[in-house]
Each structure stands twice: as C-alpha cells, then as structure tokens.
Amino acid sequence: MRMVNLAIQPPAFDMTPAPSLADELMTDAGIERILRSVRGHLGVEIAFVSRYVENDQRELTHVSSDMDLPMGPGFREDRENTYCWHVLQGHLPELIQDPIDHPLTQKLAITDFLPVGCHVNTPLRLADGTVWGSFCALGRKPDRTMNLRDLDILKSFAGLAGERIEASLEKDIILRNARERVLAMLDGHAVTMFQQPIHDLKSGKPVGVECLARFPDLNKRGPQAWFDDAERTGLGSELEMTAVRCALETVGQVPEGIYAAINASPATILSGKMRETLEQFEPANLVIEITEHQHVDDFPALAREIAALKPFAKIAIDDVGTGYAGLRHLIELQPDILKMDMVLTRNCDKDPARRAISTAMVQFSRDIGAKLVAEGIETEEERDVMQQLGVDYGQGYLFARPLPVVAAQQHLLGVTMEE
C-alpha cells in the first residue's frame, strides 16, 4: 500500500455572504410594473415600496416616477420623518387628499421637499402579520377627488406586491438555510467518502475507483442536492474542494497500480484551487475527472489549468456524448480517459443506435490515445456488448456499488468477507 501525505492544509475559503434575496428583490421588475400600474390608475406622479430596516429607518426598495427624484431604491431616512410610519402608527390616515388638512404633515420635511400634494398609503404585512414596509402613491398637487375607491385600488396593487415580497423572502430563508448547511460541511468532518470500483472489461480485474462524497441525510438528500445548494449559495468550489481533500485522504488505501479518480467541475479547476492542493500532495496514481454539464466561458484558461494539473494527475472527461464535452474539449484538453455517459450504456444490447455511437467513441478514444470507460453497466449483457465493441473499462452496479473505503479496498484486493 503506497504512503501519501495527508497533512494537506485546507485553503482559506471566501466566507463572504452570498447576495441576499432582499437585495435581489430591489430589482424585481414585477414590482416595478405594479407601481407603474397604480400610478396610471390613480393619476399620480410617484409610487414606491419601502421596508423598515435597522436603526429605526425606512428604506426605499422600488420607486416609480415620471420625474427626476432626489431619492431612489436604497435611499434611507429616519422612519419618524415619513408619512408611512405615521400612517402605520395611526397618526395620519391612509388617504390624504391635501396635507394641509393634517397639521402633522407640516412638521415633515418631505411635505415641502417634493412637495407632497396628495398621499395614499397602506402598510405591507407578511402572512404572519409582521409589518414589512409600506406601499405608497402620491401626487405633487392636492386632489380632493381622491376617495376610498382609490384607496381600495392601491390596496389591491399592494396585495400583489406583497405576494412577490413574501415569495422572495421565503426563497431567501431557504437559501440562507441551505448556505448554513453547506458551511457546516466545509471542515470535512461530516463528509464521508465512498469509492466505486472500475474494472477492465477484458480481464475483469479492477483498475481504478471513483471517489464519491456522501453527506448526512443521504436517504433524504442525495449528494447532487448538496452540490446544487452549494452552487446556488456561492459555495460551489468550496464544497467541491472539501470533497477533494476528503478524497485525497483515502487515496493511501487504494492498492498499488489502481488509480483513484477525483471529481472537479470546470469552475473549480479554473479557480486554481485544485492545482494548489495537488502541489501539496505526494505523487500518487490520481485522475482528475472533469464533471458537470457546464458551459466554459474561458476555454483557453481552462486548458492552461488542466495542463498545469497533468504533472500531478491524469485527466478524465465525464459524460462524453451527452454533457458539455464537445469536440473542442475532447481535442484540445487531450484527456487520458473518456467516460461515456450511462445513457449510452443502458440497454445497449437492445439498441443499435447506442451501439453505433459507442463504436464511434471507441474509435475516437483509440485515435487520441485515451482509455474509454462505460458508466452505468448493470447487466452482463451490457458488459458483453461494451467489451465486444472494444470499450476498455466498465463501471456500474454489475461490478460494485459505491462502497465504504475499507470495503472498496477489500473488493480491489479480491478479499471476500468469508476470507
């Protein structure tokens, strides 16, 4: 059994919080359309949505107007200087035809600043009754014709805006919870590594393993759900690199002469974190398997990073034939291993189209000097077809499911429980 250096220092992760949906809400075009509509129905120049924030302030989140205003989304002021707050407190009515009718308005600077001529306002409450902010429309001139029907119209539009706000806040909570779950995984203590053997189709002997991360609540949430959460919350590369470090810690238990494949997305490779980690690692029979159906914007940069990885590991490309791996990727990245997606493997013994594509992949892999792996082999018939077509290696439940590291080691050594 080869010895490897396990004293790999985890990189310093960027723990900058992901953008809040509360911030994304401020660019919600749907709410902007609602504000334009309420202005049109009421015949006023200004409509806005605001929220109550820390330090007893009110912040504008959306502003609709046909005039240049000194304040826009993000503008904050003390809430006690606003009509909205005093409407909420019952000091002012929701419908104000002319501020002169209400002495309190003369103490508020905004009255003369805009000026405010008429004002219609209703609090925005969440489903649990919490006051989130306010929905307001106002004109620069008094309007004695404005009535309760206009207030009802405003409240109807406010209800539509409130539904969008509520949905965004619920999404925000979901994302924050997802981010907290992922952050709890980044020290690697809760991540378990499994290994799925890869076999030579001619000899039947194991030639490699794919290292696969497993997370808590496996029966409820599969690994892909964890990586999806990480990607959505800005921690995709961080979680991938946690899995990489955990996988590297198991490589020493892989028998000599058998390779260990470790997954990484193009984004993680482009970040340089994979290269920096492997530079700390003692030489081993490693394969970096480029995963995901991911568009690459800077292909030359990816090619440079992969070239920098080759002194430390061979390169495999996953999902060939169905994923992002187009001809340019296959030619310019010069992979050592190609992995056919299981879509081409399943029922290949019954489908001539799958066999035809697989045959082409066999010839292509030979032409570029790469080994070809058929994923998802579950039956002897599928294995036999792939072997007859000239595919080099096979991976799938027919050989072994993903196994705990010790069980995988026993499988690779040909040790059975009876022994």
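Two strands count as paired here if DSSP finds at least two bridges between them. I kept that in mind while going through this model, which is a predicted one.

**Entry 1: the whole chain**

I started with the overall numbers. The chain has 15 helices and 15 strands. Of its 419 residues, 51% count as buried. I also looked up the accessible surface, which comes to about 20100 Å², with 51% of that belonging to carbon and sulfur atoms. Then I checked how far apart in sequence the contacting residues are. Among contacts with a separation of 6 or more, 65% are between residues 24 or more positions apart.

**Entry 2: the six-stranded sheet**

In what order do the six strands of the open sheet sit? I read it off as S3-S2-S1-S6-S5-S4, and the pairing is antiparallel. The edges are S3 (76-78) and S4 (95-96), each of which pairs on one side only.

Next I followed S1 (residues 46-53) into S2 (residues 57-65). The two run antiparallel and are joined by eight bridges.

Which strands does helix H2 touch? H2 (residues 29-42) packs on the sheet against S1, S2 and S6 (131-139), and its direction makes about 70° with that of S2. I then turned to H5 (residues 148-185). This helix lies across S1, S4, S5 (118-125) and S6, and runs at about 35° to S5.

S1 and S6 come up for H2 and again for H5, so I checked how the two helices meet, given that over 145 degrees counts as roughly antiparallel. Their axes come within 10 Å and cross at roughly 175°. H2 and H5 are therefore roughly antiparallel to each other. On the H2 side the contact is made by Gly30, Ile31, Ile34, Ser37, Val38, His41 and Leu42. H5 brings Asp150, Ile153, Leu154, Phe157, Leu160, Ala161, Arg164 and Ile165.

I went looking for a cis peptide bond and found one from Leu114 to Pro115, with omega near -5°. Pro115 lies in the loop between H4 (110-113) and S5, and S5 is one of the strands that H5 lies across.

Gln334 has a phi of about 50° and is found in the loop between H11 (327-332) and S12 (337-340). Asn347 has phi near 60° and lies in the loop between H12 (342-345) and H13 (352-368).

How accessible are these two? Gln334 has a relative accessible area of 54%, and it counts as exposed because the cut-off for that is over 50%. Asn347, at 41%, counts as partly exposed.

**Entry 3: Gln395**

Is Gln395 buried or exposed? I found it buried, with a relative accessible area of 3%, although it is found in a loop, the one between S14 (393-394) and S15 (403-404).

What does the Gln395 side chain make a polar contact with? The partner is the side chain of Lys339, at 2.8 Å. Lys339 is also on the list of residues that Gln395 touches, leaving out those up to four places away in sequence. I wrote down the rest of that list too: Gln196, Pro197, Ile198, Glu210, Val373, Ala374, Glu375, Gly376 and Ile377.

Conventions. Residues numbered from 1 in each chain as written. Predicted model: local features only at pLDDT ≥ 70, side-chain atom pairs only at ≥ 80, totals over all residues. Heavy atoms only, no water. Helix = DSSP H or I, 4+ residues; strand = E, 2+ residues; numbered from the N terminus. Contact = heavy atoms within 4.5 Å. Axes fitted to C-alpha atoms, helices over the stretch in contact; angles between N-to-C directions. Buried < 20%, exposed > 50% of the residue type's maximum accessible area, 1.4 Å probe, protein only. Polar contact = N/O pair within 3.5 Å; in protein donor to acceptor, adjacent residues only side chain to side chain. Areas by Shrake-Rupley, 256 points an atom, 1.4 Å probe, with all protein chains shown as cover. Parallel < 35°, antiparallel > 145°, perpendicular 65-115°, else oblique.
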